[in-house]
Amino acid sequence: MSKWAKYGSNFKSQGLVGDIDKIAESSIGEQTAQALAKLDAILEEMNLTKKHLASIVIYVTDYDNDAAPMNEVYDKWVDKEDPPVRICVQAYMGKFGVELRAEDIAADIWVASSSRRKL
């Protein structure tokens, strides 16, 4: 499986989860931080930054209980000036105790922050 794929001037990462070796004892906040650290490493490998992120989809196993602690970590991590579009939904993650999975799309030709529409 590829960590990321390039198509045209865009990149998409694989689904990212927390550290599998620590997943059983990791809180949703810790899993969020671990997954976002993996995304940082992929962006660095692609010579991109958080400013290049166009969208992020986050899946959590229990939205009612997981959204707030996930948001606490995500809000500290995300680029405040150019945040990507984000969707967070509840989904079954299968085995291993995975509580969070993140996917992203990054555009390496993102021109200006004014091209993003803030709510």
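User: Is Glu-81 buried or exposed?
Analyst: Glu-81 counts as exposed, at 56% relative accessibility; exposed means over 50% relative accessible area, buried under 20% and partly exposed in between (1.4 Å probe, protein chains only). This is a predicted model, in which local features need pLDDT of at least 70, side-chain atom pairs count only at pLDDT 80 or more, and totals for chains, interfaces and linings use all residues. Residues are numbered from 1 along each chain as its sequence is written, and side-chain values use heavy atoms, with hydrogens and water left out.

User: Which side chain meets Glu-81 in a salt bridge?
Analyst: That of Lys-51, at 3.6 Å from N to O. A salt bridge here is a side-chain nitrogen of Lys or Arg within 4 Å of a carboxyl oxygen of Asp or Glu.

User: Which residues are in the salt-bridge network?
Analyst: Lys-51, Asp-79, Glu-81 and Asp-82 are linked in it. Lys-51 pairs with Asp-79 at 3.5 Å between the closest N and O atoms, and with Asp-82 at 3.7 Å.

User: What does the Lys-51 to Asp-82 pair tie together?
Analyst: Lys-51 lies in the loop between α1 and β3 and Asp-82 in the loop between α2 and β4, so this pair ties together parts that are 31 residues apart in sequence. Helices (H or I, at least four residues) and strands (E, at least two) are DSSP runs, numbered from the N terminus.

User: Now accessibility: how do Asp-82 and Lys-51 count?
Analyst: Asp-82 counts as buried at 7% relative accessibility, whereas Lys-51 is partly exposed at 33%. Asp-79 is buried, at 17%.
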